[in-house]
Amino acid sequence: MKKDLGRDNVQWVSIGGSYPGSLSAWLKNSHPDKITVAWASSADVHSIINFTDFDKTIYDSTSRSGPDCPSIILGITNYIDTTLSDPNNHLDDLAYIESVFGTSKWTHFDFMFYIADIFTLGV
């Protein structure tokens, strides 16, 4: 980038939140000569693999909206997951999902991650 910009005094900022925040801090720590500032918002101090307590927090929070809320969320995600898992047997459902979300370009995994984020960001 220094070459592309034609400047030697280019400064870099690394930004991330949650696990990417940890990566931002690691990047600054590993390359202090290249990264001027790192912003690690809500960065994890101790990373946990398969952190199921996170899902429990989401469940508990959505339960406060009413006892049916978590089961409705589960129904929505199961419907989408089933449709995307076997789209040839669910062409009408697939067309409906694509019309609602305006896309057919995402992978199954990416789309399910997006769906999960709709609910987790709300919480």
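Trainee: Which residues does Ile97 touch, not counting residues up to four places away in sequence?

Mentor: Contact here means heavy atoms within 4.5 Å. By that rule, Ile97 touches Tyr79, Ile80, Thr83, Gly102 and Phe111, leaving aside residues up to four places away in sequence. Keep in mind that this is a predicted model, where local features need pLDDT of at least 70, side-chain atom pairs count only at pLDDT 80 or more, and totals for chains, interfaces and linings use all residues. Residues are numbered from 1 along each chain as its sequence is written, and side-chain values use heavy atoms, with hydrogens and water left out.

Trainee: Which residues make up the largest nonpolar core?

Mentor: In soluble globular proteins, nonpolar side chains tend to be buried together. A nonpolar core is a set of buried Ala, Val, Leu, Ile, Met, Phe, Trp, Tyr and Cys residues joined through side-chain atoms within 4.5 Å; buried means under 20% relative accessible area, exposed over 50%, and partly exposed in between, with a 1.4 Å probe and protein chains only. Here the largest core has 7 residues: Ile80, Leu84, Leu94, Ile97, Phe111, Met112 and Ile115. Helix 4 (69-85), helix 5 and helix 6 each supply at least two residues of this core, and helix 6 gives the most, with 3 residues. Helices (H or I, at least four residues) and strands (E, at least two) are DSSP runs, numbered from the N terminus.

Trainee: And on the surface, which residues form a nonpolar patch?

Mentor: Patches join residues with over 30% relative accessible area and no salt bridge: like charges within 9 Å, nonpolar side chains (Val, Leu, Ile, Met, Phe, Trp, Tyr) within 5 Å. In this model, Tyr79, Tyr96, Val100, Phe101, Trp106, Tyr114 and Ile118 form such a patch, with about 640 Å² of accessible area together. Helix 5 (91-101) and helix 6 (108-122) are the elements that give two or more residues to the patch, and the largest share, 3 residues, comes from helix 5. Accessible areas come from the Shrake-Rupley method with a 1.4 Å probe; for residues, only the protein chains shown count as cover. Look at Trp106 too: it sits in the loop between helix 5 and helix 6 and is partly exposed, at 41% relative accessible area.

Trainee: Is Ser24 buried or exposed?

Mentor: Ser24 counts as buried because its relative accessible area is 2%. It lies in helix 2 (residues 19-30) and touches Ser14, Ile15, Gly16, Ala38 and Trp39, not counting residues up to four places away in sequence. A polar atom of the Ser24 side chain lies 3.4 Å from the backbone oxygen of Trp39.

Trainee: How many salt bridges does the rule count?

Mentor: Side chains of opposite charge can pair when their charged atoms come close. A salt bridge is a side-chain nitrogen of Lys or Arg within 4 Å of a carboxyl oxygen of Asp or Glu, and the count comes to 2. Lys56 pairs with Asp60, their closest N and O atoms being 2.9 Å apart; both lie in helix 3, 4 residues apart, about one turn of the helix. Asp33 pairs with Lys34 at 3.6 Å between the closest N and O atoms, and Asp33 is exposed, with 64% relative accessibility.

Trainee: Where is Ser42 placed, and what is its phi?

Mentor: Ser42 is in the loop between strand 2 and helix 3, and its phi is near 50°, a positive value in a residue other than glycine. Ser18 has a positive phi as well, about 65°, and is found in the loop between strand 1 (13-17) and helix 2.

Conventions:
Polar contact = N/O pair within 3.5 Å; in protein donor to acceptor, adjacent residues only side chain to side chain.
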